[in-house]
Amino acid sequence: MKGKVLFITLLLSVLLAGRAEAQRCLPGMKGIQVSAEMADGFYSQRNRKDAGYAFSLALFTYDKGGHKWVYGIGMMKRHYPYRKTRIPLAQYTGEAGYCYNFLSMPGKTVFLNAGLSGLLGYERVNGGKRMLEDGAVLQESESFIYGGFVTLEAEAYLSDCTVLAFQLRERILWGSAAGHFHTQYGIALKYIF
């Protein structure tokens, strides 16, 4: 009799306890993310002619504690004012890094991450042409670039497999004709397999 009462009590507690939360950020889980970001300000033809934009595609794998490894490719494009025209700059990079989860809400729906990544890539200024329209000559029109990213990211789960993230990133590069630092902010949509 005691066994039946215990079994019924356990069964009722499971049924009435509410829904179970999905298991998230387990070691070995993989996903893909697509990011769209603004670079060095808000990109607008009227307001900021020197601001730019960036896009990236990345794969990530969760490690213990909700931390993750990230591997991706990206492109940043922006313009630099020069007299009455603008000089385009495009950077194509590969990224590898680690994101540390330093805060997760109960229920595992919101996460805050900080990350460091290494970058390696290629830069083209003015489409690779050294000569400008007014006859001036650029010192560098194409070069290899290297450096890293410092990232702060807030993730919110929309469903068990879909995540919306807000990112603030600082791109630090050497070998570039455009300076060492570029601030990027934007959103990312992630899908977990």
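Student: To start, is Phe144 buried or exposed?
Tutor: The model is predicted. In it, Phe144 is exposed, with a relative accessible area of 65%.

Student: And Tyr122, what is its relative accessible area?
Tutor: The value for Tyr122 is 27%.

Student: Where in the chain do Tyr122 and Phe144 lie?
Tutor: Tyr122 belongs to strand β5 (residues 110-125) and Phe144 to strand β6 (residues 142-157). The two are 22 residues apart, and the pair links distant parts of the chain.

Student: Turning to charges, which ring does Arg78 sit over?
Tutor: The charged end of Arg78 is placed over the ring of Tyr80, at 4.0 Å from its centre. Arg24 likewise lies over the face of Tyr157, 4.3 Å from the ring centre.

Student: What does the secondary structure of the protein chain come to?
Tutor: The protein chain has 1 helix and 8 strands. From the N terminus, the order is α-β-β-β-β-β-β-β-β.

Student: And what share of the residues counts as buried?
Tutor: Of the 193 residues in the protein chain, 37% are buried. The accessible surface is about 11,500 Å², and carbon and sulfur atoms contribute 67% of that surface.

Definitions and conventions
Residues numbered from 1 in each chain as written. Predicted model: local features only at pLDDT ≥ 70, side-chain atom pairs only at ≥ 80, totals over all residues. Heavy atoms only, no water. Helix = DSSP H or I, 4+ residues; strand = E, 2+ residues; numbered from the N terminus. Buried < 20%, exposed > 50% of the residue type's maximum accessible area, 1.4 Å probe, protein only. Lys NZ or Arg CZ within 6 Å of the ring centre and 35° of its normal. Areas by Shrake-Rupley, 256 points an atom, 1.4 Å probe, with all protein chains shown as cover.
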